[in-house]
Amino acid sequence: MTTERSSWQIQNEAVLGELIDLMNLHADEQRLLGELSSTATAVAPAMTEAFYARLFAHPHTAEYLQGVHQDRLHSMLQQWFIALFCGTYDEAYARSRMSIGQIHVRIGLPVRYPLAMLDVVMPFGEQVARQSSQPEAALKAFHKVLALDVAIFNQAYEDNQLRHLAELVGGERLARRLLLGQ
Ligand code: HEM
């Protein structure tokens with residue numbers, strides 16, 4: 001018998017607020033990251049180069065980039081990276097990150113690829129954080145913000161799967177039980 005979990009009641013927009021609470025990102029941490037915005041802007045082009053070099057080097061990921069306007073993609077990814085250091089991590093921020101996750105759901109991209117790309121993003125973000133006047137605190141704050149992004153990206157995939165399965169089987173509870181293997 002499945003135990004009903006209170007987290008199952010947290011849905012849609014409420015997930016964003018819940019995650020922001022969970023990350024416990026203090027005002028001083030937000031401020032520290034916000035102070036690094038121009039440093040992030042300077043580092044963003046190198047991060048983007050490394051990011052797409054990695055994706056183009058692998059046939060399964062390169063396939064998704066064929067025929068997509070590269071300048072636009074580079075610019076969007078740079079904006080995404082710079083926004084990690086925007087200094088305000090509220091529901092509007094989380095909502096914009098969720099819509100980026102949803103775009104990847106819609107192109108049929110397996111979630112393992114965006115998650116694996118943290119290997120490229122992480123060192124560039126850490127490079128930015130280390131230039132803070134308080135590098136240790138900024139690094140800790142950066143890791144929280146990146147974890148928030150991972151959680152939201154993943155949630156976009158889970159929402160989509162659960163919604164479709166619930167439609168198919170006629171209810172969310174049954175869909176959750178099926179996903180549990182019951
Ligand atoms: C950390 C992981 C990733 C981040 C942060 C990211 C970020 C973004 C952003 C910000 C956009 C623009 C969204 C918009 O139009 O508002 C985008 C679009 C896109 N991304 Fe990613 N991405 C990631 C991983 C990937 C991977 C692994 C691939 C392919 C292998 C990929 C392929 C694409 C494609 C094809 C688009 C264009 C979609 C369209 O406009 O039809 N992304 N990405």
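**Pockets, iron site and aromatic contacts**

The lining of the largest pocket comprises 22 nonpolar, four polar and three charged residues. The model is predicted. In total, 29 residues line this largest pocket. Its volume is about 860 Å³. Nearest its centre lie Tyr 52, Leu 73, Leu 77, Ile 100 and His 104. Seven helices each supply at least two residues of this lining: α3 (37-56), α4 (59-65), α5 (70-83), α6, α7 (112-116), α8 (118-129) and α9 (135-169). The greatest contribution to the lining of the largest pocket comes from α6, with six residues.

Helix α6 spans residues 91-106 and contains His 104. His 104 is also the only protein donor of the iron atom of the ligand. The donor atom is NE2, at 2.0 Å.

Two or more lining residues come from each of α1 (13-23), α6, α9 and α10 (172-179). Helix α9 provides the largest share, nine residues. By residue class, the lining of the second largest pocket has eleven nonpolar, seven polar and nine charged members. Helices α6 and α9 supply residues to the linings of the largest pocket and the second largest pocket.

The structure holds five aromatic pairs. One of them joins Phe 51 and Tyr 52 in an edge-to-face arrangement. The ring centres of Phe 51 and Tyr 52 are 5.2 Å apart, with 75 degrees between the planes. Phe 51 has a relative accessible area of 11% and is therefore buried. Tyr 52 is buried as well, at 7%.

A stacked pair is formed by Phe 85 and Phe 142. Phe 85 counts as buried because its relative accessibility is 0%. Phe 142 is likewise buried, with a relative accessible area of 0%. Ring pairs also bring in Phe 81, which forms a cluster with Phe 85 and Phe 142.

A charge-ring contact involves Arg 112 and Tyr 113. The charged end of Arg 112 sits over the ring of Tyr 113, 4.7 Å from the ring centre.

Most residues other than glycine have a negative phi. Asn 12, in contrast, has a positive phi near 50 degrees. Asn 12 lies in the segment before α1. Its relative accessibility is 60%, so Asn 12 counts as exposed. Asn 24 is not a glycine either, yet its phi is positive, at about 50 degrees. Asn 24 is found in the loop between α1 and α2 (27-34). Asn 24 is partly exposed, with a relative accessible area of 46%.

Note on methods
Residues are numbered from 1 along each chain as its sequence is written. This is a predicted model: local features need pLDDT of at least 70, side-chain atom pairs count only at pLDDT 80 or more; totals for chains, interfaces and linings use all residues. Side-chain values use heavy atoms; hydrogens and water are left out. Donors are N, O and S atoms within 2.8 Å of the metal (3.2 Å for Na, K and Ca); water is not among the atoms, so sites may look incomplete. Helices (H or I, at least four residues) and strands (E, at least two) are DSSP runs, numbered from the N terminus. On a 1 Å grid over the protein atoms alone, a cavity is a set of points where a 1.4 Å probe fits but cannot get out, and a pocket is an open set with protein on both sides within 12 Å along at least five of seven lines; lining residues have an atom within 4 Å of a point. Grid points are joined across faces, edges and corners, and a volume is the space filled by probe spheres set on the points. Ala, Val, Leu, Ile, Met, Phe, Trp, Tyr, Cys and Pro count as nonpolar, Asp, Glu, Lys and Arg as charged, and the others, Gly among them, as polar. Rings of Phe, Tyr and Trp (its six-membered ring) pair if their centres lie within 6.5 Å; planes under 30 degrees apart count as stacked, over 60 as edge-to-face and the rest as tilted. Buried means under 20% relative accessible area, exposed over 50%, partly exposed in between (1.4 Å probe, protein chains only). A charge sits over a ring if NZ of Lys or CZ of Arg is within 6 Å of the ring centre and within 35 degrees of the ring normal.
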